[in-house]
Amino acid sequence: MANGIAENMFLVNAPAGSGKTTLIKKMIVEHRIHNPNENILCITYTNRAADELKKGLGTDKLHISTIHSFLNSFVGIYFSHRRILDLYFELYGDAIQKRIANEAADPKIITSNEKYATKFGTLSFEVVKSNIKAISYNESQYNSLYYGGLSHDDLLYFSEQVFESYPVIRKRLSQKYQIIFLDEYQDSSASVMRIFYKAVLGTNSKLYFLGDKMQQIYKNYDGTFELELQFLRHDISLSTNHRSIPAIVNILNNIYNDPSYKQEPSPVNTTIDPDHLPRVLICPNIPERLESEKGLYEKALLLFLPNQKKFDTIGAGNLYRQVKNMDKYSFVSQTDAVDVLLDDTEENPDSLFKLLFLINRISTYFELNNLGSIIQLFKANSKIFNKDICMVSNHTDKIRLKELLNIIINTYCEFNASYAIDSILDSLLQTNVVKEDYISLIKGDEEYSPVLSVDISEFRAIVDFLKTQNVSTQHGVKGESHDTVFFIAEDSSSTPIVHMYRFFELWSSVDFSLGELEQFYYEYLGLIKEVINSLEFKLSTITKDQHDKNIKYLTDKSRDILDHYKDHEIFNKLCSQPYQKYLLNQNATNAKACFKESVPYGTLSAYRLFYVGCSRARRNLTIFIDNDKITSFEGKFKEKLARTGFVVE
Amino acid sequence: MILKEITIQNYRKFINTTFSLDDDITLLAGPNNSGKTSLIDLLCSILGNSKIPYSVANIPVTLAKAWCDQVYTIFSESFSAGDEKEKTISEIVKKIIPSEVEPLESGILIPPTSIKFRIDYSTGEDIRCFADYIMDFDPDKHSFYFIYTFNPTAVSFGHALEKDYDKLKSRYSKIENPGTETNKVELLKEKILCTYSSSIIESCQFTDSSFENEQNLEPSDFRKLFNFKNIYAGRPLDDQNIGRTKNLSKSMIGLACLDEDWKSMIEDLPDKILQPIEDLEIKKIVRKTSVDGLSEAIDEVSKANGGNSGDMILDMDISEEAISALINEITNAKYQLEGYILSEASQGLGYSNMIFILLQLESYKRNINPFLVNIFIIEEPESHMHPQMQNVFAKYLRKYYQQKKIQGLITTHSSEMVRATDIKNLRVARPDGSFDSKVYDFSSFKESISADPILNSFYDWFYEIGFSDIVFADRVILYEGDTERMLIRKLATLGQYTSLNQLYIAFVQVGGAYALNYRKLIEFLKVKTLILTDLDYEKAANDEASIKSATTTNATLNSFYSITHPGAGPTVNDLYIWHEAKENILFDGYAYLAFQGKSDNFSRTLEEAMLTKKYGVKAYEKKPKEGWSKLRSDDGLIFTIPRDMHECCIRDIVIHTSNGKTDFMYSVILKNLVEAMLPNYIKEGLTWLMA
């Protein structure tokens, strides 16, 4: 380290359209030519990205996978080691004991505890401890505490603990891989970044963080790796935008507002003429205007924010409504209804939709008579499909399977009758193709019952939509681009929280860059967390009693915060009001509005979405703005838009 | 699981050829340089364990040349633009490799080497290993289909260009700069082709029965579907009488190691062997000579060290591996013959070769996996064997494969091997033009004649006789009499006809009534065939008019003529016209029917034609007997002049010479008169044949 800079670690900022995948491929090819004996590791965010990257590269000394499958195989080999088991009980012992005690008498836990007791005689911490011979990654969103099963998030957390406790494992990582790429770092959790950072620090291996903070779409990252990021080398930059015409690239540069990330348009794109200059339409009635514009640009990609509207457009409004109403996909949860409904990969975290997407793939293969791929799907999902039924070992099995699949596919694809999703599950039960346990877990969960009564055609509508994709939300798949983009500016108060107009208002009057807004957000978040930790409850649920007990603390903290951000423009515009109001009138109701992250987070995510939305356009970009929502800052906003490069109509 | 059908495209000499494989043995015959070995190499590189990198030579020359000419401009334009390396490379890649994103831009690829496989199974068979690749739900279908392709990708081609960039660039700049070297353009093209070839990557798909609807699978997973073994033609045999290589012995022991009894026997052996060694107190001797001397020194040193080094001892351990190695070292395969013991090398290479093959087969047999395609390739098993041995061995091999249910592919250039198998098991690799080869599938030939019982039994009979010669031949001559054969053999050594000697010509003697039977085979094999026959009109016709209106008794002529002119038999004049109009070139242009024509002086046989040519007379022109006697003695020819005739014509002479035709031909040959007496119809026929 010279001047605190980590010589062998790089942060490669790759704004939208700058050709990040191409860069990684190129770096891998070049590295191989010069260092044919070195091992390369490449961590991607999704399996899809991994597959994309693997194309044409071969597998020689190159390991490409998602972080989960990498850690599962790299750390997984130690999962039955005594010391690792001890570490597990050290970290999860309390949680296990709490669950056994079940003081709140949660009925679900009662059933699960009884089940364990029937199976193993008794349920006690000692029994659990002696029964777990090895821990494992259970590929689901919850830990299975009694069985040593690590969830999605906990695989990452636990791996970090393993790396921390056993430097020899850390050493193994840097000795095995001489060059490591971490793709989409902005969506990786800080745990993951720390694992690699610490493993590579001071070794001869090289580590590349690639991504774009503007394109952060998941809330995995908590801001605790900022300092390290600053000390990475920044000398590789992708400064050519290969996607958009110069007028749009100029707008993107202005929105990013950070000279170090400035992009140049590619020579090819300079020769392309748009149908119109990038424009902002300030409309008294957005839907009306949208209809008429759609008539002019039939193929335009419509970027909506609120998901309900999007799913209504697709024809799956009811399905979205029901899924969104489920507890596990509401508000603060890590996964939301959109992830579940649109993720057609095997990474879909929801049991039902993972199954439905599988059935859909089976139905596609069935139409092509591609039984082989169906069998491969069966094998790859052995936790779902019934091995005895789905195994093909002779000719009669082929004929038998055809009959079974016919029953399922007929239910799934029947266009005349309208079957509920539940009837698909019935056909799967009837044919015994899917394990009974798997289906009864879904059917037995009351949360699912409104979803199961939705018509299967709504799910098929989603599948059709995924094939064409000319309606999207601003959170949609990254890397996607379109000739003509319509961005419809809207707010959303539920997940994902987006305060688009609050952002516009702030943006009109304050000059800031992503880094500045982000820095403020993470710091402010830290302060809020401190308060919540010390209170031991969230402000949103504060009672009069709780308030009266803590009135002094809250008053002091409110003053501290106002004092701390006295001259901070962003804070003053976004967050100061509730504190001032509270200090004027100290009661529980006013306290609820303080120490909340939603306003700065909603503004920050609006900023990112606005940028990413604009960056999707190759040639024609139109922003639709609701006239009523900008009246208080219309003048400044129009000026700002014009400065940014838009034509305002 | 049976490998049923293979289609090879764009590989070396094979532009597009399909052939089926039999359930037991498939014999791949063909002359040298017909592509047999290339074909086996390809199968080995795909199905075998040895990784053979894709070589430039695999690209068919015609395709390679056309491609080089096409892309040469792309390279020279990109280099002349003078951009930096990266940009130049990406421009070239963009123009040559089709884009994945915009498949409309097609790119310029050489049509890739690809091999299509069809694998069949029977209803009761266990298909668990193949289930992942089923592409139908049809109860009547029992097949799997795969395509294996060699093509570059944008990444691999970019990679290769990057590696070769400096070389390519320097060859390009040599063209730009004036210099003395010639063929600079060709040198660059050659390098471009090498770069392209080095970027070729294999990929594999499973498909439906029309080889569409492709789904990827890893080439390594495809390989796992086969239990494949190959005995190369260049196998090691012990011909050095020193007997050092001992390949047979090694193979025998290797085979024994797989046996259960061997395993249980050898288990106890280490202890049994150790005992006598211990009894001999060998350790003691070793210790005395070395360790004791050392120990003193060690003692001294260790005292200084605190005395913790311990004593040195010897330990003996005999492992099973050590025993196997010992047995290998001390075993010699020998032959016992009438009480004499002979060494491995003593029985000649042919014998060793046979035993080597049998041992390999025996060890393969133990690894047969009923879930996979079991295929065993032997290249030229006939090497070093004499013909009779070849025949017996071929029949034995066939029985072996049938009994053990192994699918076998055997390459050969021995007619004996061909004779020992059935027509339906035969595949023949043959050139089809200068740059293309094809594999001729005789199972389909056999099927095409099976409806005709006469033809069917004809070919069964003929298969044992002359058939195998035709299979290897470049050209075929069908003849009726021995004298024709003698004449042509001699001709081939002379002047303009020497090129006949460079070709493999199959001479097949046929009776006139049967020549038409060969039509199917000639058309199937597309082999140029010259059919020699005689005009044979009624002998009584002895002037021009009666000859021209005469008909012929020759069945070949009558039947061949009726192909183009169905109906009543032709007159001699009809045949003359037919001949002149070149309608005697038949069977898609692959057969030429040669017989005495208008310019052969109205002769009706070979001998008549030769004599009329020599003496410049018409066959029926009478001359005094004395004149003929003088000519005969002047030229030293042997023929009979009828004694009871005062005047006679060549026809009369030939009739009277009918018992001495061979002597006549000998005399022609020995007096070096072959060229002078060569009839026009044979000359024309041979000229056609050599073209």
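Two residues are in contact if their C-beta atoms, placed from the backbone, lie within 7 Å. By that rule, residues 24 or more positions apart account for 71% of the contacts in chain B with a separation of 6 or more. This is a predicted model, in which local features need pLDDT of at least 70 and side-chain atom pairs count only at pLDDT 80 or more, while totals for chains, interfaces and linings use all residues. Residues are numbered from 1 along each chain as its sequence is written, and chains are lettered from A and ligands numbered from 1 in the order in which they are written.

**Chain B**

- Chain B holds 26 helices and 21 strands; helices (H or I, at least four residues) and strands (E, at least two) are DSSP runs, numbered from the N terminus.
- Of its 691 residues, 35% count as buried, meaning that 20 or more other C-beta atoms, placed from the backbone, lie within 10 Å of the residue's own.

**Where chain A touches chain B**

- Chain A gives 20 residues to the contact and chain B gives 27 residues.
- On the chain A side, two or more residues come from each of helix H1 (20-34), helix H18 (371-380) and helix H20 (395-413).
- H18(A) supplies the largest share of that side, five residues.

**Helix H5 of chain A**

- Helix H5 (residues 107-120) of chain A has 14 residues and spans 20 Å from its first C-alpha to its last, close to the 20 Å expected at 1.5 Å a residue, taken as 1.5 Å times one less than the number of residues.
- The count of buried residues in H5(A) is zero, so this helix is hardly covered.
- After H5(A) comes A:Gly121, with a positive phi near 90°.

Note on methods. A residue is buried if 20 or more other C-beta atoms lie within 10 Å of its own, exposed if 12 or fewer, and partly exposed in between; C-beta atoms are placed from the backbone.
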